[in-house]
Amino acid sequence: MAPDASRTLPALGHGHARVDGPLKVSGAARYSSDYHFPGLLYAVPVGATIAHGEVASIDDAAASAMPGVRKVYTRANIGRFYKPGKSGYIDEARPPLDDDTVCYYGQYVALVVADTFEQATAAARAVKVSYRNVQAPDVRMQLTAEEKQTTDSERGDVDKALASAPVTVDQTYTTPPETHNPIELHASVATWDGKAFTLYETTQSIINHRDVMAQMLGVPKENVRIVTEFLGSGFGGKLWPWPHALLAAAAARDLGKPVKLVVTRQMMFHNVGHRTNTQQRMRLGATHDGKLVALRQDFLYRTSRTDHTKEDCGEATAFLYSTPSLKITSGCARRDIAPNTAMRGPGAVPGLFAVESAMDELALALKIDPVELRLRNEPTIDESTNLPFSSRHMKECLTEGATRFGWAKRNPAVGSMRSDGKVLGWGVACCAWMAQRLAAEVSVLLNADGSVRVASGTQDIGTGTYTMLAQMVAHDLGIAIDRVKVVIGDSALPPGPLSGGSMVTGSLVPAVAQATGKAVEQMLQTASGHGAFQGAKAEQLAFTDGRVHLRSSTPDEGVPFADILGQARLAHVEGKGSSRDSFGDAESKKYSMHSYGAHFVEVTWEPAIARLRISRVVTAIDAGRIINPMTGRNQIEGAIAMGVGMALFEETQYERRHGKAINSNLADYVMTTHADAPQIDVLFLDYPDTKLNALGARGIGEIGLAGFAAAVTNAVHHATGVRVRDLPVKIEHLLTSTVV
């Protein structure tokens with residue numbers, strides 16, 4: 001029998017269709033809010049209408065008397081929540097309904113549970129909340145006397161180097177608050193059987209979600225099961241648990257009924273995190289030939305009064321370019337806002353907007369091509385740690401990306417390039433993102449029907465984890481991808497990595513390899529005592545293309561593993577694998593591990609009607625070995641779409657008196673649509689980074705967004721002569737252009 005004929009393409013390195021695609025397009029894929037159970041009740045929270053003050057009283061009499069209402073919960077009757085321990089991560093650590101203090105607009109102050117969603121919504125509107133000690137929210141960015149700048153990274157004497165530098169740039173850049181707006185709203189469906197919870201959640205980290213919920217609900221973690229079969233994207237907003245999940249679980253336990261709570265679109269703007277605004281002062285110093293002698297980045301960001309999530313704008317700065325003197329400082333302003341959280345590429349995305357904008361301004365001051373300036377400052381080692389790079393091909397990203405884009409034809413004069421009656425602007429920016437592994441466990445079963453099951457307690461947030469796992473197992477076993485069944489999204493499975501930091505793929509590689517290897521070992525042990533291999537020792541056998549054969553023979557002469565299991569009357573053999581995280585391990589202490597890239601952007605400017613469009617993008621990415629170029633390209637294309645929104649549209653605007661987001665809907669919060677999408681060309685360099693894992697694969701979910709906004713504003717300046725340092729780009733900015 002010939003090897004599996006359906007394996008027409010190698011499992012790795014080719015654009016295989018998503019294995020979960022048919023379930024999604026047919027509607028069979030179940031998202032959290034799709035779960036329904038007999039007796040299901042609906043919960044709707046009541047949010048505060050102030051941002052700073054205290055709850056004086058809550059009148060729920062009218063709401064409680066309304067049809068279908070089962071209970072109105074306040075801090076007086078919700079029961080006890082515990083604070084999270086150190087075993088889990090959460091952005092809003094203060095339990096919901098914990099006290100009378102209101103720290104931000106929309107903070108949950110009550111919860112209504114009713115027989116239908118409509119009844120719960122109507123009753124929630126009937127709850128009357130009175131407040132005392134109300135103050136206008138303090139949302140200043142400037143630090144108070146008690147709030148200090150801290151040094152994040154430093155080498156050399158940066159102030160002295162700046163003072164003596166022949167050419168300098170000193171500018172401030174700002175990014176606004178941005179709100180996560182995935183199509184799938186946050187949702188929790190909670191069930192309680194009298195002893196244990198099963199929680200159907202919108203989470204990017206089922207294992208962490210389980211650990212935090214168990215701690216805060218006061219039950220052993222084995223009494224909490226988290227299920228997230230599919231996620232309608234998360235972008236960081238669904239990385240950690242939010243208060244609504246606790247409220248749903250508490251109500252289910254109290255009422256003895258399953259409870260569903262779906263956060264509204266307006267609540268998405270207040271109750272489940274956001275990317276906070278930033279202010280960054282960039283100072284660069286260089287010689288006349290374009291060599292950096294100093295780089296200083298001083299940034300500020302806002303967080304809530306009760307919690308602290310750092311927007312680390314200097315995350316990529318210290319190792320991006322070569323400079324003998326560097327200093328990065330950060331300042332945190334605690335204000336009357338909701339807790340911020342990770343948004344795709346936290347820290348590096350707003351940070352690289354400032355860094356790469358400043359580099360473009362330096363290139364202009366030096367009259368050096370922006371690509372050439374970056375090439376002249378390419379480091380040979382990570383100068384922030386004095387470690388060699390595990391794999392760095394930024395030069396190739398710049399040079400090959402420039403060739404693909406046609407950068408050599410760029411006329412540097414502002415407004416000098418035209419096409420079809422429109423002014424063209426070309427801009428470039430570099431990007432980088434960390435490359436690390438998280439701890440992971442995987443189980444692989446070789447089944448008697450010839451199929452293979454791979455299981456891990458991770459999740460697919462839309463990035464293609466189902467497909468990637470199937471590809472890796474198919475590659476290791478030499479079988480067709482369609483013979484692999486992937487089971488994830490359940491905390492009852494072997495613990496897997498969270499879907500954040502672009503780390504899932506790199507984390508699962510070693511665990512999958514170990515699990516498949518051990519499954520093969522078990523298969524060879526089984527084969528050595530049965531059928532054609534009766535009497536043969538396991539070490540005399542090999543496993544190739546799904547078949548067991550003597551090492552002295554070819555795979556074609558072997559026996560399919562299903563036949564061997566049938567002869568042995570075994571349902572399956574299993575292999576288990578695990579891998580440790582790379583944070584602080586021996587290998588990570590030897591190398592600086594990151595991914596790199598370069599964005600090339602073309603904008604068109606029509607001064608007569610003040611219309612700006614992003615028309616064309618070429619992005620070159622160095623992210624190690626690319627397991628699936630098709631899903632990988634999807635990731636970069638999606639990041640670029642978000643980058644268009646960051647550069648041109650997205651800004652959460654708050655009403656000053658009460659702190660309410662005034663554009664808290666998809667009509668007024670403008671995001672990228674298909675009509676706004678440019679032509680996108682993605683170039684993967686495909687240099688395997690085997691220091692991270694055996695396949696050399698790194699994550700690519702976030703790097704495509706890092707630096708992109710700067711490439712846009714650099715192109716805008718080239719077209720219009722207007723330097724936009726405060727995102728997003730607005731028509732008001734461009735009306736000062738003298739280009740006609």
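Helix α5 has twelve residues, and at 1.5 Å a residue these should span 16 Å, which agrees with the 16 Å between its end C-alpha atoms. The expected span is 1.5 Å times one less than the number of residues. Helices (H or I, at least four residues) and strands (E, at least two) are DSSP runs, numbered from the N terminus. The model is predicted: local features need pLDDT of at least 70, side-chain atom pairs count only at pLDDT 80 or more, and totals for chains, interfaces and linings use all residues. Residues are numbered from 1 along each chain as its sequence is written, and side-chain values use heavy atoms, with hydrogens and water left out.

Eleven of the twelve residues of α5 are buried, so the helix is largely enclosed by the rest of the structure. Buried means under 20% relative accessible area, exposed over 50%, and partly exposed in between (1.4 Å probe, protein chains only). The buried residues of α5 pack against β10 (197–201), β11 (224–227) and α6 (243–255). One of them is D211, which counts as buried because its relative accessibility is 15%. Beyond its neighbours within four places in sequence, D211 is in contact with S87 and K221; contact means heavy atoms within 4.5 Å. After α5 comes G218, with a positive phi near 75 degrees.

Another part of the model pairs two helices. The axes of α9 (residues 348–366) and α16 (residues 708–720) come within 8 Å and cross at roughly 30 degrees, so α9 is roughly parallel to α16. Axes are lines fitted to C-alpha atoms, for helices over the stretch in contact, and angles run from 0 to 180 degrees between N-to-C directions. Angles under 35 degrees count as roughly parallel, over 145 as roughly antiparallel, 65 to 115 as roughly perpendicular and the rest as oblique.
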